[in-house]
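Dear colleague,

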Amino acid sequence: MNRSILADMLEEEYEILEAEDGEEGVNILREHWKDIALVLLDVVMPRMDGFGVLEAMNREGWTEDVPVIMISAESGSAQVARAYDLGVSDFIARPFDAVIVRRRVMNTLLLYAKQKRLMSMVEEQIRETERHSSLMIEILSHIVEFRNGESGLHILHVRTLTEFLLRALVHKTNRYKLSDQDISRISVGSALHDIGKIVIDEKILNKPGKLTAEEFTVMKTHAMKGAEMLDALEEQQRDDPLVRTAYEICRWHHERYDGRGYPDGLAGDDIPIAAQVVALADVYDALTSPRVYKEPIPHEKAVQMILEGKCGAFNPLLLQCLTENAGSIRQELAGGASTDAARRESQNIVKQSIQAATGSLSASDRTLRLLDYERMKHGFFSAMTQEIQFEYTVSPSMLVISAWGAERLGLDEFIPAPADDEKLRAVLGDDGWPEMSAHMRRTTPEHPDIHYESQIVCGGEPRWHRIMLRTIWTADSPPRFDGALGKAVDIHDTHEKLAALENRASRDAMTGLLNRAAAKERIKLRMEERPEGNYALAIFDLDFLKTANDRYGHQFGDQVLKEVARRLVHSVRRSDIACRAGGDEFMLFLEYNTDLGKTVDRIFHSLCGPFGEYNISVTMGVARAEVTGRDYERLFRAADTALYAAKRSGKGKYFFYDRSMRDTLSALSDIDGETEEQGK
Amino acid sequence: MTMQECYQAMGADYEDVLGRLRSERLIQKFVLKFLDDGSYELLCRSMEEGQIEEAFRASHTIKGVCQNLGFTRLGQSSHDLTEALRGGKSPAADGLLEQVKEDYRQTAGAIRAFKQSNGL
C-alpha cells in the first residue's frame with residue numbers, strides 16, 4: 001500500500017514497475033535494468049531486504065547505470081552511511097510528501113542523464129580521434145612515403161601545426177564556430193592535402209632546382225586532382241564530414257587570402273578555414289624542412305618571410321596565431337614524430353580520469369551497445385542451436401533458462417528456488433534437480449565441467465538430453481561454489497537409434513525373438529531387480545524337425561521355426577522373456593502368481609498342433625526358481641534336465657524338474673557353452 | 001461525514017496529510033484502500049503463530065502506511081510495536097499489540113462510517 005501511494009504520486013510522469021519484495025525486484029532488474037531509469041527501494045521487505053537488493057545490484061554492476069533512491073522511515077546514520085557506500089543516490093523519508101518525492105526523483109534522473117551524456121560525449125570524441133588517426137595516417141604515410149621519402153614527416157608536421165593553429169584561433173575568436181570535433185577532423189584531414197601529387201610525374205615532383213613554367217603548371221594540378229580523387233569516392237564515403245573537410249583542404253590549400261592563388265582564385269573567408277590553416281601550416285613546414293632543392297630555413301626567418309608576404313597571403317588572424325605562439329610551435333614540432341604517442345598518452349589520461357571519477361567505463365553507452373550486441377548474438381545463436389541453455393546462481397538461488405529453452409520446456413525463464421519448484425520438478429522428474437545439484441557439487445574449480453545424460457519432459461514426452469555444465473566459483477580463497485552455466489542438448493533421436501541397434505544385436509534374425517545371450521542378461525537382471533517374484537524357466541525343442549527338413553526342405557523347416565516363434569509370442573505375456581536358444585531350441589522365462597502348471601499346460605498346447613499338413617510337436621522341460629534358487633545357471637540346468645527326462649520318456653510332453661532328476665543327464669549337450677551344435 | 005471528520009474520529013491529522021498528498025481525491029482513495037490492506041490480519045496471525053519476523057514486517061508496513069496517511073494514533077502504536085519486535089520479541093510486545101488492535105478497530109471503524117455515510 002505504501003508502494004501504491006508512491007506509484008500514485010509518480011505514475012503521471014513515469015512508467016512504473018512494481019516489485020512485491022526484494023527478490024522480485026532483483027528479478028525485474030535482471031531483465032529490465034537497461035530500461036530502468038531509477039529504483040525506489042524500501043528497506044524492510046520480505047524474502048530479501050533493501051540492502052540485499054543493493055548488494056545484488058552492486059554485484060551485477062547495475063548501480064553504475066541505475067540510480068537508487070532509498071526510502072527511509074527511521075534509518076540510523078550507520079544505515080544511511082552503509083546505503084551510500086552501496087551506491088544509493090538519495091533518500092526519501094516517510095511520510096511521503098508528493099512534491100518532495102517528485103522533485104527528488106526528477107533531480108536524480110537529471111543528474112544521471114547529464115553524467116551519462118557527458119561521459120558519452122567525451123568518449124565519442126576520444127573514439128572519433130582514434131578512429132580517424134589510425135585509419136588516415138596509416139593510409140597516407142604509406143602512399144606518400146612511397147612516392148616521396150620526405151613527405152611522410154611533412155604530413156605529420158602539417159597536421160600538428162594545423163591542430164595547434166586551430167586551437168590558437170578558437171582561443172582568439174568565435175568567428176569560425178569550431179568545435180573540438182571540427183579541429184580534430186581538420187587536423188586529420190590535413191594529412192590528405194597533397195594526395196593529388198600522386199598523379200604528378202615523379203621527375204617533376206622530385207626535381208632538384210627550379211621548375212619550368214610548364215612543369216609548374218603540371219605541379220599546380222595536384223590541388224584539383226586531389227579534390228577529384230576524393231569526389232570520386234562512393235557517395236556514402238563522399239558525404240562523410242571528414243571527406244568533405246579533406247576535399248576543401250585538397251582543393252583550396254594553395255588559394256591565397258588576397259585571391260591570387262590557385263586553382264579557383266578564392267579570396268578571404270570564401271576559402272574554407274580548414275584550407276586556410278593547412279595552407280599556412282604547409283608553407284611554414286616547407287620553409288623549415290629540408291627539401292631536395294633547398295636547405296631548411298630556421299624558424300624565426302621562416303615566420304618573418306611569411307609575415308612579409310614572401311610565401312603567399314594569409315588570414316591576418318592566423319598570422320597572429322603563428323607569431324604569438326612561435327615558441328610553442330617550435331617546441332610542438334620538435335616533438336615531431338612522437339606527437340602521436342603523446343596524443344595516445346593524453347587520451348589514456350582522459351580515459352583514466354573518467355574511470356577514476358565514475359568507478360569504471362563499463363557504464364558507457366558504447367559498452368552498453370557492445371553488451372546489447374553480445375546479448376543479441378547470444379539470443380540468436382541459442383535460438384539457432386535449439387539448445388536449452390541455463391544459468392544457475394546459488395545466492396539467491398535462481399535458475400535462468402534461455403527464452404528458447406523455457407518455451408521448449410514450458411517453464412518460466414526465471415525460476416527462483418529451483419529445488420522447490422513444482423513445475424521444474426515435473427519437467428526434470430523427481431530426481432532431476434537433486435541429481436543436477438549432486439553433479440555440480442562434485443566439480444572443483446580446477447575441473448568445473450561435467451556431462452551426463454538424463455531424461456527431460458518436453459511437450460509431455462520424456463526425451464533423452466545430454467546435460468553439460470560448467471560450475472562457477474568465486475575468487476575467494478578457498479573459492480566458493482557460486483553457480484553454473486549449462487545447456488541441455490536433445491539427443492533423444494540418437495539415443496533411440498542406439499537403442500534400436502542394441503535391439504537388433506540382441507535379436508535372432510529369423511524369428512525376431514531374443515537371442516540366447518540377450519535373454520540370459522535379461523533373465524539375470526529381472527531376478528536381481530525383483531527377487532521377490534516367482535520365476536520359472538522352460539526349455540523346449542521341436543520333435544522331428546529333422547524329418548520335416550528332410551521331407552519338405554530346409555525352407556519349410558524355417559517356416560516351422562517362425563511359426564513356433566509366433567505361437568510362443570502369442571501365448572505369453574509381454575513381460576515374459578521368450579528366446580530362440582539356437583537351432584530348434586527355444587527358451588521361455590516367465591513370472592507366475594498362482595498355478596504355474598496351468599500356465600505351462602496352456603502354453604505347451606498352444607505351441608503344438610497342425611501347421612498345414614505338418615503337425616508341430618514339442619518337448620519341454622520346466623524348472624522353478626523356487627526349487628533351484630534364483631540363479632540362472634542352476635535354473636537353466638534344471639530345465640535342461642527336465643527336458644532330457646521328458647524326451648527319454650517319449651517326446652511330445654512336458655516335465656517339471658524335481659530334485660529326483662538331479663543326477664539325470666543333460667538333454668542338450670553344452671547348450672550354454674561355446675561349442676553349440678546347430679540343427680540337432 | 002466528511003473526510004476531515006473521519007480523521008478526527010480516528011485520532012488522525014488531516015491537515016498533515018493534505019499538506020503532503022495535496023489532493024483530497026488521493027487521500028480518499030488510499031484511506032478507503034486501507035481497509036483492504038492485509039497487513040493487519042497478517043500481523044495478528046503471525047503474532048499468534050509466533051512468527052516474529054513476519055509480524056515485525058507487517059507492523060512496519062502498518063506504521064509506514066499510517067505515517068503516509070497521517071493516521072497519528074495508530075501510527076504511534078504500530079511504531080511502538082515495530083520497535084518492540086525489531087530483532088526479536090520484547091516483553092512489552094503483547095501489550096502493545098492490544099493497543100494496536102484497539103487503535104486499528106477505531107481507525108477502521110471511522111473509515112467504515114465514512115464509507116457508509118457517503119454511500120461508497
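To follow the counts below, you need to know that helices (H or I, at least four residues) and strands (E, at least two) are DSSP runs, numbered from the N terminus. Please also bear in mind throughout that this is a predicted model.

With that definition in hand, the secondary structure of chain A comes to 27 helices and 16 strands, whereas chain B has seven helices and zero strands, so that its pattern, read along the sequence, is α-α-α-α-α-α-α. Of the 680 residues in chain A, 30% are buried, and in chain B buried residues make up 42% of the 120 residues. If one takes the contacts in chain A with a separation of 6 or more, 59% of them are between residues 24 or more positions apart, and the corresponding share for chain B is 54%.

Where the two chains touch, the contact takes 12 residues from chain A and 15 residues from chain B. On the side of chain A that touches chain B, the largest share, three residues, comes from helix α1 (residues 2-10) of chain A, and by class this side has eight nonpolar, one polar and three charged residues.

Turning to the strands of chain A, you will find an open sheet of five strands with mixed pairing, in the order β11-β12-β10-β15-β16 (chain A). Which strands stand at the edges of this sheet? They are β11 (577-582) and β16 (654-656) of chain A, and because each has a single partner strand, one side of each is left without a neighbour in the sheet. From one strand to the next, the twist averages 20 degrees. The partner of β11(A) is strand β12 (residues 585-591) of chain A, to which five bridges join it in an antiparallel run, and within this pair Gly582(A) stands opposite Glu585(A) in β12(A). Helix α25 (residues 596-607) of chain A lies across β10 (535-542), β15 (618-624) and β16 of chain A, and this helix runs at about 160 degrees to β15(A).

Elsewhere in chain A, strand β4 (residues 388-393) is joined by six bridges to strand β9 (residues 481-490) of chain A, and these two run antiparallel, with Ala488(A) in β9(A) as the bridge partner of Ile388(A). β4(A) also pairs in the antiparallel sense, over four bridges, with strand β5 (residues 398-401) of chain A, where the bridge partner of Thr393(A) is Met398(A). Together β4(A) and β5(A) form a hairpin with four residues between them.

The crossing in which α7(A) passes α11(A) is right-handed. On the α7(A) side the contact is made by Arg185(A), Ile186(A), Val188(A), Gly189(A) and Ser190(A), and on the α11(A) side by Pro241(A), Leu242(A), Thr245(A), Ala246(A) and Ile249(A). By class, this contact has six nonpolar, three polar and one charged residues.

With best wishes

Definitions and conventions: Residues numbered from 1 in each chain as written. Chains lettered and ligands numbered in written order. Predicted model: local features only at pLDDT ≥ 70, side-chain atom pairs only at ≥ 80, totals over all residues. Left-handed = near helix turned anticlockwise from the far one by under 90°. Contact = placed C-beta atoms within 7 Å. Nonpolar A, V, L, I, M, F, W, Y, C, P; charged D, E, K, R; others polar. Buried ≥ 20, exposed ≤ 12 C-beta atoms within 10 Å, placed from the backbone. Pairing = 2+ DSSP bridges. Axes fitted to C-alpha atoms, helices over the stretch in contact; angles between N-to-C directions.
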